[in-house]
Each structure stands twice: as structure tokens, then as C-alpha cells.
Amino acid sequence: MSGQSFPQDVVAGTQLVIPSIHSPNYVTNVSGWTINLDGSAEFNNLTIRGTFSGTNFIVNSSGAFFYSPSEAFGNLIVSIASAAGTDSFGNAYPQGINVTTGTISGTTISGGTISGTTISGTTFNGSNFVFNASGAFFYSGTPASGNLISSITNASGTDSHGNTYLEGVTSYFFTGSDYTAANMDGGIIQWFRSPSAGGTYTLYSNIGFSWNSINGGSLLLQAGNQVQIGQAGNLVWNEINQQLQVPAGDLVATVSSTPETWHNMPGMSSGWSVGTGFAKYRLTAEGFLAFSFNINSPSTKTDGTTIWATGSLPAAYRPQTASLRWPVSTSAAANSANNTPMIIFQTDGSITITGVNSTGALTTVHAHGVLPLV
Amino acid sequence: MSRTVPLVAYITGVVASSTATVQTGPRFQGEIWYPESVSISCTGTQPTPAAPNIATCNIYTGLSANNVSFLDGTYQVLGASSSMISGIILYPGQLVLAVWSNMTGSNGQTVTMTVNGSKQIP
């Protein structure tokens with residue numbers, strides 16, 4: 001055979017009539033390029049100056065836009081744009097990645113603004129926060145050791161920067177020398193301290209709520225040292241050893257929630273003694289002086305005799321303004337100019353007696369009562 | 001006494017089921033063909049079958065169209081010419097065949113094959 005074969009034209013008219021046109025070095029998925037009769041093509045690099053579009057997506061100089069079920073107003077479901085704008089169908093989109101339908105998922109998701117209906121993943125990193133399987137962590141500045149400021153977790157642990165964190169909702173603060181943490185977990189508000197960002201937090205105080213079926217709910221305030229309540233720096237309530245104490249200068253009595261035990265009066269003076277009797281005093285719940293004197297060995301009966309010396313009653317048990325008088329019962333008739341036998345509580349803590357200067361035998365003096373300490 | 005005269009063999013057919021086949025060759029005893037070229041044509045527009053099929057027209061010489069008898073082929077199914085047949089001598093019973101394939105949308109169109117050359121007749 002000899003001669004010339006049919007012409008090997010690539011096109012018939014404007015129509016490609018051969019399976020493909022391709023570069024000499026074309027190897028599928030390796031090198032070169034091809035444009036195929038079936039409409040497919042493969043290139044190594046591609047520059048598109050205008051718009052690249054396909055079924056339900058458009059890529060142009062504004063960004064990448066994906067639609068469902070079709071390209072129309074209200075159907076923009078995903079956009080990736082360098083600036084906020086409106087597409088050719090009237091759909092507004094924000095700067096960044098925006099997903100309005102479906103799920104964003106991945107191992108690590110980080111960025112400026114990520115919005116969508118459902119965002120799922122293992123770790124979310126922001127400029128100053130981290131969300132991961134351990135919880136949510138917020139930092140002052142770039143996440144690092146020492147700048148954890150708050151956390152929300154289901155268990156205590158240590159973050160990837162060496163910061164110790166507590167179970168629950170916690171706020172952390174560096175005092176300049178150590179770290180404090182205000183924590184709320186299981187309905188209890190607690191305060192902790194740690195010597196370092198990665199150290200162990202020690203509980204110092206808490207506020208809790210308790211409940212029982214008989215008494216109902218109770219608010220519990222407790223601390224390892226003291227419980228204090230104050231206003232504008234002024235202490236108005238201080239709990240030490242289960243006693244309510246008011247600062248000196250306002251009131252002078254210590255008010256206890258339980259009755260004070262009786263105190264014995266010290267030894268008498270001017271030759272007096274209780275003998276076989278007794279002499280006791282205490283404060284009532286209202287802050288009054290309760291006293292019970294059964295004196296069986298009196299001595300000097302001159303009006304104004306000091307039977308208990310200065311300081312015998314402590315300051316909290318003395319009249320505050322002026323001496324206070326209290327009638328007594330005696331074994332002998334009084335013939336003093338004062339007529340009424342009485343003991344006088346002095347502001348210096350001493351007690352004097354008057355009205356018992358009788359010529360008769362005075363063997364017993366009784367005085368029992370409750371005296372307001374005005 | 002034999003003599004040599006020009007050869008112009010013209011045969012037409014119709015595309016059916018997206019295919020068409022036409023054939024021609026020397027028929028008389030003592031007729032010998034010395035073809036020099038074969039031309040094909042088809043009315044209508046370029047077919048567009050689904051990829052990877054492409055409309056083709058193949059030329060065969062022999063007793064039937066097969067891989068052994070294949071001579072030449074073209075995608076230019078609407079019109080093309082080949083001189084690959086030059087040098088082949090055809091005796092009575094031997095054929096020149098043109099087979100159109102994958103002629104999607106061309107059913108009913110007319111195909112034509114023309115063989116040019118010279119022939120010896122008794």
C-alpha cells in the first residue's frame with residue numbers, strides 16, 4: 001500500500017472529533033495537560049481571571065460561594081470571602097468563613113470569626129481561648145503559663161501550658177505573689193490559693209447551701225480561719241470560736257449565741273468575804289449584768305465601804321455612764337442615813353455598800369438581779 | 001483483448017441505528033480494479049455521540065470488514081479522502097467497504113463512498 005491516509009483533523013467544523021487533545025508529556029495525574037471529548041480536563045496549573053462556577057457553586061474575586069438546592073436568593077449556605085458583601089442573588093455574607101446549614105467539623109479549627117449552625121470538632125483555638133475535650137479555657141493574651149484567667153471544665157487538670165485548673169467554673173487571679181481561684185462547682189462557691197500557676201490549689205473558704213427535710217435550706221459560710229462580714233472596710237461581724245464579736249469602740253460587750261457561764265467574783269475587800277456563800281456574775285444574751293451575791297461574812301459596815309476593789313468587774317461588765325445602785329437584803333435592820341441598804345456598781349469595776357451600818361449583827365447580805373449596763 | 005479504463009465507483013447508503021455500511025468492487029469476470037483513492041461523505045451535521053464513543057468512518061478492503069482488512073479510518077465522517085488504497089489490486093469478489101459508526105443523531109442521513117482509479121476490463 002502506498003498513498004496518503006485520511007486527514008487527521010482535530011475538529012470537524014468547530015467540533016472536536018478526536019478523543020482528546022493533550023500535551024506531549026501528558027501522563028494522567030502526573031504531568032502535562034489534556035482536554036477530553038467527554039468534557040473533562042486536567043491541567044497542572046490554572047489561572048482564571050473571571051468566574052469559576054459549577055453546579056451550585058461560584059468562585060470569583062469576591063470569594064467562594066456554595067448554594068443549596070440551587071443558586072438563588074436564600075440558598076447561600078457556605079461562603080468564604082475576604083470581605084463582607086452581597087452575591088449576585090442578593091445574599092449577604094460576612095467576612096471569613098460562614099456556614100448557615102450543615103456542620104463544620106475537623107480536628108483543629110482556628111480563626112478570627114467562625115459562625116454556623118453546628119460546629120463540631122476536637123479543638124477550637126482562638127487568639128486567647130482554647131476549647132477542647134477538657135473544657136473551655138480563656139487567657140489574658142496569647143495562651144501561656146501564668147495567664148489563664150478562667151476555665152469551664154468537668155474535671156481538674158493541667159492545660160497544655162502548665163496551668164493548673166479546677167473542676168467547675170473558675171476565675172483565676174495572680175496577686176503578685178501567688179494565685180487565687182474563685183470556683184463554683186456543684187452549687188458551692190469556693191476560694192483557693194496556689195503558690196504558682198502550675199501548683200496545687202488549696203481550699204481556703206466557701207459558701208455552700210445545705211438542705212434537710214426538717215429545717216429546709218441553710219446558707220453555710222465557713223472558712224479555715226475566720227468568717228467576717230464588713231461594709232466599706234468596716235468590720236461589723238466577726239466569727240471567732242463561734243462567738244459573735246463586735247469591734248471595740250462601738251459596743252463593749254461580747255454577745256454570745258449561747259448563755260455565758262457564771263463567773264466567780266474575785267476576793268472581797270475591807271475585810272468582807274463571801275464566807276460559806278458565793279458571789280457570781282455573767283452577761284445575759286441582751287448584754288445585761290446578771291449577778292448573784294450570797295455574802296455570809298461581812299465586815300466593815302460604814303456607808304460607802306468598798307467590798308470589791310477597783311477592777312473586780314471586767315470592763316464589759318461595768319456601768320458605762322455612772323454608778324448604778326441595787327438594793328440588798330440583810331440580816332440586820334438598816335439604820336444608815338441612806339435607809340435603803342444597797343450595793344453600788346461603780347464604773348471602775350468596784351462595788352461599794354451602803355445602808356448596812358447598823359448596830360445589830362450583820363451576818364448576811366444577799367443581792368440578786370439583772371442590771372442594764374447603761 | 002482487455003483494456004484499461006478509468007474507475008469511478010459510487011455507492012450510497014442510509015444511516016440506521018447510528019451506523020451505515022456501503023461496499024463496492026469488481027463484479028465481472030476479468031474485471032480488475034486498480035484503485036487510487038477512496039472518498040467518503042455524509043449528509044447532515046457532525047454527530048455528537050456520548051463520550052468515549054466518537055463518530056468514525058473506516059475503510060476496509062477484502063472480503064469483509066474486520067481488523068485484517070482495515071485500510072484507513074477518519075473522524076471526519078461528513079467528508080474525507082484517502083489514497084491509502086493506492087497499490088491494492090482488487091479482483092472480482094473482493095470489496096472496498098466503508099463503515100460509519102457512532103453516528104448519533106444521523107439516522108436517515110445519506111452516506112456515500114466513491115472509489116477512483118483505473119480498471120481493466122476484458
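Predicted model: local features only at pLDDT ≥ 70, side-chain atom pairs only at ≥ 80, totals over all residues.
Me: Which residues form a salt bridge with a distance of 2.5 Å, and which parts does the pair tie together?

Reply: The side chains of Asp178(A) and Arg193(A) meet at 2.5 Å, taken from N to O. Asp178(A) lies in the loop between strand 23 and strand 24 (179–185) of chain A, whereas Arg193(A) belongs to strand 25 (residues 188–194) of chain A, so the pair joins parts that are 15 residues apart in sequence. Strands here are DSSP runs (E, at least two residues), numbered from the N terminus.

Me: How many residues does each chain bring to the contact, and how much area is buried between them?

Reply: Contact means heavy atoms within 4.5 Å, and by that rule chain B brings 23 residues and chain A brings 18 residues. The buried area (the accessible area, with a 1.4 Å probe, that two parts lose on being put together, summed over both) is about 1,600 Å², and carbon and sulfur atoms give 62% of it. There are also 4 residue pairs in polar contact between chain B and chain A, both residues being at pLDDT 80 or more; such a contact is a pair of N or O atoms within 3.5 Å, where within protein one must be able to donate a hydrogen and the other to accept it, and residues adjacent in sequence count only if both atoms are side-chain atoms.

Me: Which elements of chain B give two or more residues to the side that touches chain A?

Reply: They are strand 3 (32–42), strand 5 (70–74) and strand 6 (79–82) of chain B, and strand 5 gives the most, with 4 residues.

Me: In what order do the 4 strands of the open sheet in chain B stand?

Reply: Strands of a sheet pair through backbone hydrogen bonds, either parallel or antiparallel. The order in chain B is 2-7-4-5, with antiparallel pairing, where two strands pair if DSSP finds at least two bridges between them. Strand 2 (20–24) and strand 5 of chain B are at the edges with a single partner strand each, so one side of each has no neighbour in the sheet. Strand 4 (residues 56–62) of chain B pairs with strand 5 over 4 bridges, and Cys57(B) stands opposite Thr74(B) in strand 5.

Me: Which strands form an open sheet in chain A?

Reply: One such sheet has 4 strands in the order 34-38-37-35, again with antiparallel pairing, and strand 34 (305–308) and strand 35 (324–327) of chain A are its edge strands. Strand 37 (residues 342–345) and strand 38 (residues 351–354) of chain A pair over 4 bridges, with Ile351(A) as the bridge partner of Phe345(A).

Technical notes:
Residues numbered from 1 in each chain as written. Chains lettered and ligands numbered in written order. Heavy atoms only, no water. Salt bridge = Lys/Arg side-chain N within 4 Å of Asp/Glu carboxyl O.
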